[in-house]
Amino acid sequence: MTTYITTPIYYVNAMPHLGHAYTSIVTDAYSRYRRLCGDEVRFQTGTDEHGEKIFQAAEQEGVSPKEYADRISAAFRQTWPLLGVRPDHFIRTTDPEHIKTVQDILQQVHDRGDIYFSEYSGLYCRGCERFLTAKELVDGNCPDHQQPPTAIAEQNYFFRMSKYQDWLIDHIRNNPEFITPERYRNEVLAFLKAPLEDLCISRPTSRLTWGIPLPFDDKFVTYVWFDALINYLTGIGYPDGPDFDRYWAAAEHVIAKDILKPHAIYWPTMLRAMGLPPYRRLHVHGYWNVDETKMSKSIGNVVRPGELVEQYGVDTVRYFVLREMSFGLDASFSGRALVARRNSDLANDLGNLFSRSLTMIDKYADGIVPEPDAGTMTDADRELIANVERMVGEYRQAMDGFGFNRALQEIWQVIGRLNRFIVTNAPWELARDPAQKGRLMTMLFLLAEGLRLITLVLQPFMPETAAKMAAALGLETELETASLEKAGRWGQMVPGHRISPGAQLFPRLDKKNNQPPQPQQKQKKKEKEAAAEEGLVDFDQFGKLDLRVAEVVAAEKIKKSAKLLKLTLKAPEERTVVAGIGKHYQPEELIGRQVLIVANLKPVKLMGVTSHGMVLAAKEIDADGNEQLVLSTVAGAIAPGSKVA
Ligand code: MSP
């Protein structure tokens, strides 16, 4: 199969923000998914560089429109790799091939009689770069740009859009997938209930020169939308490129609801007038808002994707936007929500499952994916397998229909289940009983196979993480060439290959101040310093103490000292320890007692006797300042030398 998928071409009057990034990430995730399904994919993005907005923005900066467009177009092009977005083609409407194709199409449609010259007056919104109908205004303003449109009356060229209204209504009705989600299909059908006006497709050069000249009248340039939409054809070699027909038959566009009308009404009718079939599907998403308001340059509330990636890492950003936004509805951006998702979904659920599983394969199966012992499979195992297989099916269905957050929910449901599978099977207990070896190996195999499938389905969402997971599971080459059809089935993991544990997928972030993830070394050092300040020791520090049970075999007073006793201890070897307990214990009452010692202190000389360790005791000072001291011990008899942990 072939997939041809596009983002809108972004205006070069503003630097890329999270709203643009979302569309591109979604399109990238879908492209990667289709590749995983074995499709040949063509993914196109680019920049829209003509029109009044760009001309004005360039003027404000005091540079030529082309210079200005070059700069911002480059910023878009450079942003995509930072987000793991990998288009196959980046188109600019100032590309000479595009200009030529637009002129050829205009001439063709003009020759067919679908372009005519006439007088027009209307309300023009510069933000939208289109005429608005009175019905679209809210309190006299454009609802998207919160500014009143300008009344314009002039002579222009018009495209006979009205001629194709009935055809368009039929096409939308007969093809439920043509515009999705359904709410936008309904919106377009509702709009088409009123008679469609013809589309003004030119601007007089007396008012605007920054555009593609009309081939049949050089006193006019092409209206920016008529120019821009055609990018979807020029990018794949219209009219006679070798792959054009194949790609065009598979065309899918991704947009946000702000540009629904040009894509759902102008574009299919333009294609019809050109004698081309309409695109296959139009996918419409909602807005990223900040505090209920659309994120946009004009409002000045933008979040820069590059900064987010620097702070949180590319896959956290991709995961967050794809998980948080339900495709078609608006979503709110907050840094706190992003950190919360990273810590709970990524670090806790996925990260822990992954590192625990690999550590256990390393420890209990010598780092080799073990052969399962079929005889030890339980009904619960079979249910788990069925659940994972069901997930892959649901995932595919969700991805085909642009339900990215649903697909992720399905994957996380399995991640949760595998985490519970570890707890209920307690492999650390199985490992203690040699008779359970077969069961332990079965369980480790199930984990490895579950992780393989999770890696596969996560790849379109988090390519970097999936690559790390695949490398740790020893499946790099498999992932690069995998197709869901085969690799998406349970039981494809080949036992016997080596895994490499130790990869930390998502180091935790500090919730309080949204600190960026530090390189691991620095993070550790910082954590240690902070803990030391609070008087805390970490587990490593505690683990360095050699605490043991010891038996007192001999005890005597040290001359000239009221406090110190010389003890001979068995722990299990004999050693001398000097203890400051002389005021509280008589030597003879100590013989045969079990005490606790720190066995690995550096030897020290006290009153001429070298002490090899320290005896532990609890000390209490009462209100009068009297000291009470009681030796620490264990609650039952245990061999001298036993470790205290
Ligand atoms: N140049 C036109 C598109 C021509 S396509 C033939 C244009 N450009 S734009 O730079 O304004 O980009 C609009 C698109 O950017 C939206 O349709 C959407 O894909 C994305 N977004 C911009 N702001 C957004 C949000 N706040 N939220 C979600 N997507 C947003 O329109």
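By contact I mean heavy atoms within 4.5 Å. I am working on a predicted model.

**Entry: Ser296**

Leaving aside its neighbours within four places in sequence, I found Ser296 in contact with His17, Asn301 and Val302. Where does Ser296 sit? I found Ser296 in the loop between β15 (293–294) and α11 (305–312). Is Ser296 buried or exposed? Ser296 counts as buried, because its relative accessibility is 10% and the cut-off for buried is under 20%.

**Entry: helix α12**

Next I went to helix α12, which covers residues 314–324. How many of its eleven residues are buried? I noted ten, so α12 is largely enclosed by the rest of the structure. For my own reference, the buried residues of α12 are Val314, Asp315, Thr316, Val317, Arg318, Tyr319, Phe320, Val321, Leu322 and Arg323. I see that charged types are on that list too, among them Asp315, Arg318 and Arg323.

**Entry: cysteines**

I then looked for disulfides and found zero in the structure. Cys128 is in no disulfide either, and its nearest cysteine sulfur, that of Cys142, is 3.8 Å away. I checked burial for both: Cys125 is buried at a relative accessible area of 4%, and Cys128 counts as buried at 13% relative accessibility.

**Entry: the whole chain**

Stepping back, I counted 22 helices and 25 strands in the protein chain. The radius of gyration is 35 Å, well over the 26 Å that the globule rule gives for 645 residues, so the chain is more spread out than a compact globule. I also noted the box that the C-alpha atoms fill, roughly 120 × 60 × 40 Å along the principal axes.

What share of the 645 residues is buried? I wrote down 52%. Among contacts in the chain with a separation of 6 or more, 74% come from residues 24 or more positions apart.

**Entry: surface and charge**

For the surface, I noted that the protein chain exposes about 29900 Å², with carbon and sulfur atoms supplying 50% of it. Last, I looked at charge: the chain has 77 positive and 83 negative charges, and their mean positions are 6 Å apart.

How values were computed
Residues numbered from 1 in each chain as written. Predicted model: local features only at pLDDT ≥ 70, side-chain atom pairs only at ≥ 80, totals over all residues. Heavy atoms only, no water. Disulfide = S-S within 2.5 Å. Buried < 20%, exposed > 50% of the residue type's maximum accessible area, 1.4 Å probe, protein only. Helix = DSSP H or I, 4+ residues; strand = E, 2+ residues; numbered from the N terminus. Rg over C-alpha atoms; globule rule 2.2 N^0.38 Å. Areas by Shrake-Rupley, 256 points an atom, 1.4 Å probe, with all protein chains shown as cover. Charge placed at Lys NZ, Arg CZ, Asp CG, Glu CD.
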